[in-house]
Amino acid sequence: MSEVELVPLQLTHLHAVLDLGYRSFDVKAMPYTSWSLSSVAAHWDAQPDACWIARDEEGLLGFVLGSPSYDEREDWGYLEWIALEERARGRGVASALVERCCAALFAAGASRIITDVESGNAASAAMMRRNGFTEKVTVTLFVRSNPDEHAAASAHAPKDPARTRLRRAARATESRPGPSVDPV
């Protein structure tokens, strides 16, 4: 088993983080949010100390993104995004990422940290419980679909135009000689 390194999220990690997020998150399961470059940037801009990646010699293993407030509660931190590559599961990587994120949010003044887990994701729910989170349901999300909406149209995930620009910029940077960068 290779050694795992936790490092703060950096610009050079964005492409890998976005790709893992697109492969990991079912935004239809959580219709009040979406995964995009803007999502990553908002967290990274608001609280960079709460945004971490895990990597090994093969590259990215996972990431976590937190922010210093939750809805109108500025005293509550929000651990919103966490994802792992399959090869990282069961190695304690998620717990290490959660701990780094939570430590940063508490250091920034959070009195509580909120997270949410899709109802069918038993592994993530168990991991959150192991890391000190308790279930506190205060609302139930009710959804009514538009009966006129075509199923085929709703089957396609929204596209993030910034992702295409980021890939293009990453390829251009990789093809230019310059300082050595440790890619993830």
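Phe 63 counts as buried in this predicted model, at 0% relative accessibility. Strand β3 belongs to an open sheet of five strands in the order β1-β2-β3-β4-β5, with mixed pairing.

**Aromatic pairs**

- The count of aromatic pairs comes to five.
- The ring centres of Phe 25 and Phe 63 are 6.2 Å apart and the planes stand at 85 degrees; over 60 degrees counts as edge-to-face, so this pair is edge-to-face.
- Phe 25 has a relative accessible area of 21% and is partly exposed, whereas Phe 63 is buried.
- Trp 35 and Phe 63 make a stacked pair, with 5.4 Å from centre to centre and 20 degrees between the planes.
- This pair, too, links distant parts of the chain: Trp 35 is in the loop between α1 and α2, and 28 residues separate it from Phe 63 in strand β3.
- Both Trp 35 and Phe 63 are buried.
- Apart from the ring pairs, Arg 100 lies over the face of Trp 52, at 4.8 Å from the ring centre.

**Nonpolar cores**

- In soluble globular proteins, nonpolar side chains tend to be buried together.
- The largest nonpolar core has 23 residues, and those touching the most other members are Leu 79, Ile 82, Leu 97 and Val 98.
- Two or more residues each come from β2 (51-56), β3, β4 (76-84), α3 (93-107) and α4 (122-130).
- Helix α3 gives the largest share of this core, eight residues.
- Beyond its neighbours within four places in sequence, Leu 97 is in contact with Leu 6, Trp 52, Ile 53, Ala 54, Gly 62, Phe 63, Val 64, Ile 82 and Leu 84.
- A second, separate core holds 17 residues, among them Leu 14, Val 40, Cys 51 and Leu 60.

- Six of the six residues of β2 are buried.
- In a regular strand the side chains alternate between the two faces of the sheet.
- Cys 51, Ile 53 and Arg 55 are on one side of β2, Trp 52, Ala 54 and Asp 56 are on the other, and both faces are covered.
- Strand β1 (residues 5-8) runs antiparallel to β2 and is joined to it by four bridges; Leu 6 has Ala 54 as its bridge partner in β2.
- Strands β2 and β3 are also antiparallel, with six bridges between them, and a hairpin of two residues joins them.
- Across this pairing, Ile 53 stands opposite Phe 63, and Arg 55 stands opposite Leu 60.

**Sheet and helices**

- The edge strands of the sheet are β1 and β5 (112-114), each of which pairs on one side only.
- On average, neighbouring strands of the sheet are turned by 25 degrees against each other, direction ignored.
- Helix α2 packs on the sheet, where it touches β2, β3 and β4, and its direction makes about 65 degrees with that of β3.
- Helix α3 lies across β1, β2, β3, β4 and β5 and runs at about 155 degrees to β4.

How values were computed:
Residues are numbered from 1 along each chain as its sequence is written. This is a predicted model: local features need pLDDT of at least 70, side-chain atom pairs count only at pLDDT 80 or more; totals for chains, interfaces and linings use all residues. Side-chain values use heavy atoms; hydrogens and water are left out. Rings of Phe, Tyr and Trp (its six-membered ring) pair if their centres lie within 6.5 Å; planes under 30 degrees apart count as stacked, over 60 as edge-to-face and the rest as tilted. Buried means under 20% relative accessible area, exposed over 50%, partly exposed in between (1.4 Å probe, protein chains only). A charge sits over a ring if NZ of Lys or CZ of Arg is within 6 Å of the ring centre and within 35 degrees of the ring normal. A nonpolar core is a set of buried Ala, Val, Leu, Ile, Met, Phe, Trp, Tyr and Cys residues joined through side-chain atoms within 4.5 Å. Contact means heavy atoms within 4.5 Å. Two strands pair if DSSP finds at least two bridges between them. Axes are lines fitted to C-alpha atoms, for helices over the stretch in contact, and angles run from 0 to 180 degrees between N-to-C directions.
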